[in-house]
Amino acid sequence: MSAVPQPRQRTLLPMHAAHLDAVMAIEVGAYAFPWSRGNFVDSLAAGYDARVLYDEQGGILGYFVAMAGVDEMHLLNITVAPSAWHQGHALFMLGALADLCRRRGARQLWLEVRESNDRARAIYRRHGFAEVGKRKGYYPAAHGRREDAVVMSLAIEGAGGGLD
């Protein structure tokens, strides 16, 4: 009889400036056109919802940054360390973000993703996001070119806060 694998323990905590060295190491390892340290500093200074995902040994597996709006949330960055891909961490963080949306009364969660990023688009679709539009030339690309973004949206069920 084989042992049933135990789920990994993960902890999602607020991101602080002290996390930025580890966050930047993941960011530059994951993207050809990463966010700058200044993007993260500005996001924290603006009070955006930013979380860091830890494993059971205290290592950082990933993070997300989201901006709240009126009745909505916009996911600006979600990244899993390449060494931790294919282990369900992105879906875990998306679930936590959806819960945060519910607590904040956000009825819609929006994001943009590179048109060429089939893996991320599939993860978002698995989580219930729908592709609702495109932004032409949204992302930088190789050789000074630009790449379109696919706009995706998730209706947040159970979000309240209004006087329906």
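Which residue just after α4 takes a positive phi? In this predicted model, with residues numbered from 1 along each chain as its sequence is written, local features need pLDDT of at least 70 and side-chain atom pairs pLDDT 80 or more, while totals for chains, interfaces and linings use all residues. Side-chain values use heavy atoms, without hydrogens and water. The residue is Gly128, with a phi of about 105°.

Helix α4 spans residues 118-126 (helices are DSSP runs of H or I of at least four residues, strands runs of E of at least two, numbered from the N terminus). Ala120, Arg121, Ile123 and Tyr124 of α4 are buried (under 20% relative accessible area; exposed, over 50%; 1.4 Å probe, protein chains only). These buried residues line one face of the helix, because they fall within an arc of 160° seen down its axis (taken from the directions from the helix axis to the C-beta atoms). Exposed Asp118 and Arg126 sit on the face turned away from the buried side. The buried residues of α4 pack against β4, α3 (89-104), β5 (108-114), β6 (130-140) and β7 (146-155) (contact: heavy atoms within 4.5 Å).

His74 lies in strand β4, residues 72-80, and counts as buried because its relative accessibility is 17%. The side chains of His74 and Glu112 are joined by a polar contact of 2.8 Å (a pair of N or O atoms within 3.5 Å; within protein, one must be able to donate a hydrogen and the other to accept it, and residues adjacent in sequence count only if both atoms are side-chain atoms). Leaving out residues up to four places away in sequence, His74 touches residues including Val65, Met67, Leu109 and Trp110.
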